Amino acid sequence: MSAKAISEQTGKEFLYKHICTSAAVQNRFQYANVTAETDFDRLAQDHPWLLTQRLVVKPDQLIKRRGKLGLVGVNLDLNGVREWLKSRFMKETTVGKAKGVLKNFLIEPFVPHKQEEEFYVCIYASREGDYVLFHHEGGVDVGDVDAKAKKLLIGVDEKISEDSVKKELLTHVPKDKKGVLASFIVGLFNLYEDLFFTYLEINPLVVTKDGVYVLDMAAKIDATADYICKAKWGDVEFPPPFGREAYPEEAYIADLDAKSGASLKLTLLNPRGRIWTMVAGGGASVVYSDTICDLGGVNELANYGEYSGAPSEQQTYDYAKTILSLMTREKHPDGKVLIIGGSIANFTNVAATFKGIVRAIRDYQVPLKEHEVTIFVRRGGPNYQEGLRVMGEVGKTTGIPIHVFGTETHMTAIVGMALGHRPIPNQPPVAAHTANFLLNSSGSTSTPVSSRTASFSENRARLEGSPAKKVKAGAPIAKATNLFSKHTKSIVWGMQTRAVQGMLDFDYVCSRDEPSVAAMVYPFTGDHKQKYYWGHKEILIPVYKNMSDAMKKHPDVDVLINFASLRSAFDSTMETMQYPQIHTIAIIAEGIPEAHTRKIIKVADEKGVTIIGPATVGGIKPGCFKIGNTGGMLDNILASKLYRPGSVAYVSRSGGMSNELNNIISRTTDGVFEGVAIGGDRYPGSVFTDHVLRYQDTPGVKMIVVLGEWCAVWCIVQFGHAGACASQASETAVAKNLALKEAGAFVPKSFDELGEIINSVYDDLVAKGVIQPAEEMPPPTVPMDYSWARELGLIRKPASFMTSICDERGQELIYAGMPITEVFKSEIGLGGTLGLLWFQRRLPRYACQFIEMCLMVTADHGPAVSGAHNTIVCARAGKDLISSLTSGLLTIGDRFGGALDAAAKQFSKAFDSSMLPMEFVNKMKKDGKLIMGIGHRVKSINNPDMRVQILKDFVKQHFPSTQLLDYALDVEKITTSKKPNLILNVDGFIGVAFVDLLRTCGGFTRDEADEFVEIGALNGIFVLGRSMGFIGHYLDQKRLKQGLYRHPWDDISYVLPEHMSM
């Protein structure tokens, strides 16, 4: 639920800050909070009015009827408040059936008043608008306000007025108070709308001659509107219901959820319970919890939650280890069970998510065995067979009893097994491999002929259903009975390439003549075409920057599939409804504020548009059309026979459970005619009755299945416990189910019996001749995507690239096997990072320091050298940073900066061949070659290079051996005796010292050390270091705003042939 309760203090803070009314609101911001950390002396300093006024004190922990429970201290001074708190503060208290500790209290000024000055006001949201309730007698004895209070409905997008408030609500209020109350109620309603409240109750609201006093307040806000109201709300804390403590593990999972595109939820119900769940999917989590309760496990159910939306392996691991940690803290005499369940996934790679769970089970195998934990697994979806195989293997290797089941087993059957109500099969049937669709063996390039275009009991002429009924001018436009056909064309909002390809594959296997996706709209790129597959051929689908262009160029489109984010789904949907050609919109995003959804519903009703969603996977009409990821991947489409119509239509709240219904219906009947998931929000765009009535008017539908917190006809399942949201007796699951049975619906006791009921009704309809099963024909085959086939391990291909230094695919970046978090924790610095990426080693600390020193001393050598000169000239020509840097780097070679490798190779070769330093010098002279790394233009033995001296001091102090350096220094003695500037320069020093480092640090073999020298690793030091200087020169020239460089004539010697000279 997006509506979340806030504390009384938070609600009053919102009211005092943002209400706009002519009524004088008294005691603004006069409240003080008392917790376990409160210092009463400091509290009195911060709130001086505590010492001068009479006070009221009460717990602020979402407790109703505090006055009747004796939990309000009235007309006390501060000492009286402290005395009153002594017997209640941090004490366990029972409120109804809930036990909890009173630990958060609110102190406010006491307001003396008469009973006739107390009033009751409440505003709450409904599908059609917001109701304002008012009663002229407020207070603790207000009684049944629903029966007694006056009601005023403010429709969606309508405005409230003081006149309507006076006329409809204030008929029993004294005249002298009507004006004040009307102004306050109007201001309160506007506040309620602006701050996205969903419920706001004040009882009592006191009106005296001095003004208006808000005494007690309860409120809920729409938490999904945080991105809109953040500036006004600030950081809102949502307290847990009284009696249920807020656990740090819940906060941890909530933080994971906030940082993830997936959905991760956890609520602890009974940490000492023996039944724990780890369920994939929101709808499935409700069904599993209901089934556990229905089978008598309500008092042992430990947690409620879900993971869905394709979480990564690491996210699943973090979620699983949290649950395993919680369930292995306290032993249970009967042992414990863990139910890892879920419906058939639409697009989540089950094997990938199971990897995270398997890791967690391995990490906790010892405590799991100590606590006698038995695990039951049931899952379906993409690659589920591999996931189940891995899960079964971990049970064998760890010795933990793990019972594994796939789609052949009813989803909730494992609950009965876990609770001992049904036997555990020894060897469940093995389902077919995920790769259930192969290349077209016929070799035909055309779309195969349809295997069946009508349902088992209807011919094609009747399949399309009835069109929208004609209505009188001025009345709302009637909505279409038949939303989808074999000719339906759609526009997809959002760059959802995977979903679109899934739709095209479905179209192809259904033998449609043309793709169902006519175009895509994506505002963040220019108009272009996107490549997709139609069977084995490649086709292009246009992508438009704006909706108007798409609509103009595709007038045959009547469906929008909106994948926009929760922030933009409202605007894009409202824009789309301006175009009369659109009669169906599916809104996929969850987390859209309820106020926005209700505005969408109102406009859709006016324009005759059917809305599916928000928070939905969509819907499917076998043989005709599917929305986005509905029905899952193609192997599930084929397994559930969704490529041709059956006789059973269904409507569900949950997208994941709709896939489960596809599976159940395909196994127990002739298949699905149409299925819609209306979405999990409180106000779905279309409701169960909308679709049930459509199905009733559709000739091809012989059975209707409704799955959710509602009622329907023909065949129905209705859940209690977690799945039902009831505010009165007639709304409970038991009451609804009883009414349904009396009306003739078939109502299973729980989801566990759904398949049996459906099969029984179907067999009866077949026996009566209502349904006549047709001969099953094989569907056309569709090629599998290469990427998916490779993920399944069905094919292999040589990689275009190989890398052994970095991996960015996981939860965090990895350098040569070291996670980036560890890189920072270990403080290896830039030198250590370079060691990982260049040498695939974690180098010793002194080696990391030496690398950093080399980068520092080679960073720059003034503007006169060729590389810096080129960079400066390029920068002054107006070129960008990359161009200027590249210009400088291209000058690096044997003559400039490239001597590190050459020096290392020359000195190493001479040293390794046992050549004496004098022999080496003489040989190089005889061969007419320069000794690389020897000589400097400016520096000499009399004017030493301090860069070399700094490096030499460090190397001599820290390196375990400096044989090659010592050899080079002996060569320097010979060369400087002939000419003082023939010194070992910085390039030569770094070259020979690096060879010593590679050979003696203990991290490399001799062959590896020589290989790094041979492939140019040492020159990389100069390139990397000098890049810093080149960038500095570029920025310097730009900062100094230097103009185009032109070399002066007088610095150029023009040497032309004599006959050409002037």
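Predicted model: local features only at pLDDT ≥ 70, side-chain atom pairs only at ≥ 80, totals over all residues.
Reader: Why are helix 31 and helix 34 called roughly perpendicular to each other?

Author: Helix 31 (residues 899-912) and helix 34 (residues 963-978) pack at an angle of about 100°. Angles of 65 to 115 degrees count as roughly perpendicular, and the two helices are therefore given that description. Their axes are 10 Å apart.

Reader: Which residues of helix 31 and helix 34 meet?

Author: From helix 31, Phe907, Ser908, Ala910 and Phe911 take part; their partners in helix 34 are Gln963, Leu964, Tyr967, Ala968 and Val971. By class, this contact has 7 nonpolar and 2 polar residues, and no charged ones.

Reader: Why does Asp255 count as partly exposed?

Author: The relative accessibility of Asp255 is 36%. Buried means under 20% and exposed means over 50%, with partly exposed in between; Asp255 therefore counts as partly exposed. Asp255 is found in helix 8, which spans residues 248-258. Between Asp255 and Val111 there are 41 Å in space, C-alpha to C-alpha, and 144 residues in sequence.

Reader: What is known of residues 483-592?

Author: An unreviewed UniProt entry places the feature "domain: CoA-binding" there, at residues 483-592. In the model, this span is 25% helix and 29% strand, and its end C-alpha atoms lie 24 Å apart.

Reader: How many helices and strands are there in the protein chain, and what percentage of its residues count as buried?

Author: The protein chain has 37 helices and 35 strands. Of its 1062 residues, 52% count as buried.

Notes. Residues numbered from 1 in each chain as written. Heavy atoms only, no water. UniProt positions renumbered as here; feature names shortened; annotations may be inferred. Helix = DSSP H or I, 4+ residues; strand = E, 2+ residues; numbered from the N terminus. Buried < 20%, exposed > 50% of the residue type's maximum accessible area, 1.4 Å probe, protein only. Axes fitted to C-alpha atoms, helices over the stretch in contact; angles between N-to-C directions. Parallel < 35°, antiparallel > 145°, perpendicular 65-115°, else oblique. Contact = heavy atoms within 4.5 Å. Nonpolar A, V, L, I, M, F, W, Y, C, P; charged D, E, K, R; others polar.
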